[in-house]
Amino acid sequence: MLTLFHHPMFATCRFVRLAFGEYGEELALIEEKPWTRRKEFLALNPAGTLPILLAEGDVPIVGATVIAEYLDETRGVLKRDKRLLAEDPMQRAEIRRLIDWYLNKAESEVTRHLVRERVLKPVMPETAGGGSPDSGAIRAARANIRQHMKYTNWLAGTRHWLAGSRVTYADLAAAATLSVLDYLGEIDWREHAAAREWYTRVKSRPSFRPLLTDRVRGLSPVSHYADLDF
């Protein structure tokens with residue numbers, strides 16, 4: 001069994017878990033607190049970032065998109081119509097564009113700041129950057145959510161899945177990102193009907209079930225999603 005060093009509230013880590021789940025691959029999970037900078041962890045990745053996959057022979061593969069490419073090359077090419085990357089180069093480009101949109105753009109504008117201020121800072125020592133949440137950073141991140149939800153709603157309203165006619169890495173990247181925000185209760189789904197319907201379909205997939213059981217110490221899920229009347 002392969003091993004994934006992860007944090008349950010990092011969208012990049014959730015993305016990798018969803019991808020392995022789609023292919024029916026089990027992962028041994030090790031929750032890592034990267035701010036502690038453990039020597040053993042830094043030996044795997046001197047950059048001190050997550051996720052890290054210990055692949056065959058315990059070789060570390062670092063980074064969500066790098067792991068996704070490795071997974072496609074070692075498993076995906078055998079899955080045919082269930083492959084999470086498309087065969088067509090232009091379709092692959094669109095999938096990669098959306099992966100970048102959610103795991104980089106949305107992460108840098110929204111998710112990273114809300115997770116840091118609301119989830120990580122309260123449990124981090126001051127020497128590692130912990131302390132009281134920065135209300136300004138939270139407000140700025142929340143102001144950016146609406147644009148990302150409008151774009152997701154447009155994608156979901158014009159395509160069956162976000163990058164085309166079937167589930168791909170694009171859907172998993174978006175679901176990983178939005179699931180973090182949903183856990184924190186930061187999304188008002190009533191304003192985004194198409195995105196809500198798409199998210200409902202993603203959440204019903206077996207690969208998503210392990211994420212629904214994730215819990216963070218000192219933080220209860222406050223999703224607005226559960227309050228909606230479908």
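Two strands are taken as paired if DSSP finds at least two bridges between them. The model described here is predicted.

**The sheet**

By that criterion, strand S1 (residues 2-6) pairs with S2 in the parallel sense, over five bridges. S1 also pairs with S3, where three bridges join the strands and the sense is antiparallel. The complete sheet is open and holds four strands in the order S2-S1-S3-S4, with mixed pairing. Strand S2 (27-31) and strand S4 (60-62) each have a single partner strand and stand at the edges, so one side of each is left without a neighbour in the sheet. From one strand to the next, the twist averages 25°. As a general point, strands of a sheet pair through backbone hydrogen bonds, in either a parallel or an antiparallel arrangement.

Some individual partners can be named. Leu 4 has Leu 29 as its bridge partner in S2 and Leu 53 as its bridge partner in S3. Phe 5 stands opposite Ile 30 in S2.

**Cover on strand S1**

How many of the five residues of S1 are buried? Five of the five are, and the strand is mostly covered. Both of its faces are covered: Leu 2, Leu 4 and His 6 are buried on one side, and Thr 3 and Phe 5 are buried on the other. The chain passes from S1 through H1 to S2, and this β-α-β crossover is right-handed.

Helix H1 (residues 11-22) lies across S1, S2 and strand S3 (52-54), and runs at about 155° to S1. Helix H3 (residues 64-74) also packs on the sheet, where it touches S1, S3 and S4; its direction makes about 120° with that of S4.

**Helix H5**

Helix H5 (residues 135-158) has 24 residues. From its first C-alpha to its last it reaches 36 Å, close to the 34 Å expected at 1.5 Å a residue. At its N-terminal end the helix is capped by Asp 134, which has a side-chain oxygen 2.9 Å from the backbone nitrogen of Gly 136.

The buried residues of H5 include Ala 137, Ile 138, Ala 141, Ile 145, His 148 and Met 149. Further along the helix, Tyr 151, Thr 152, Leu 155 and Ala 156 are buried as well. In general, an α-helix has 3.6 residues a turn, so residues three or four places apart point the same way. What covers the buried residues of H5 includes helix H4 (89-120), helix H6 (169-183) and helix H7 (193-203).

Most residues other than glycine have a negative phi, and most peptide bonds are trans. Against that background, Leu 50 and Pro 51 are joined by a cis peptide bond, with omega about 0°. Pro 51 is placed in the loop between helix H2 (39-44) and S3.

Asp 58 and Arg 80 have a positive phi although neither is a glycine. The table lists their values.

| Residue | Phi | Loop | Relative accessibility |
|---|---|---|---|
| Asp 58 | about 60° | between S3 and S4 | 55% |
| Arg 80 | about 55° | between H3 and H4 | 70% |

Why does Asp 58 count as exposed? The cut-off for exposed is over 50% relative accessible area, and Asp 58 counts as exposed because its relative accessibility is 55%. Arg 80 is exposed too, with a relative accessible area of 70%.

Methods
Residues are numbered from 1 along each chain as its sequence is written. This is a predicted model: local features need pLDDT of at least 70, side-chain atom pairs count only at pLDDT 80 or more; totals for chains, interfaces and linings use all residues. Side-chain values use heavy atoms; hydrogens and water are left out. Helices (H or I, at least four residues) and strands (E, at least two) are DSSP runs, numbered from the N terminus. Axes are lines fitted to C-alpha atoms, for helices over the stretch in contact, and angles run from 0 to 180 degrees between N-to-C directions. Contact means heavy atoms within 4.5 Å. Buried means under 20% relative accessible area, exposed over 50%, partly exposed in between (1.4 Å probe, protein chains only). A crossover is right-handed if, with the strands pointing away from the viewer, the path from the first strand over the helix to the second runs clockwise. The expected span of a helix is 1.5 Å times one less than its number of residues. A polar contact is a pair of N or O atoms within 3.5 Å; within protein, one must be able to donate a hydrogen and the other to accept it, and residues adjacent in sequence count only if both atoms are side-chain atoms.
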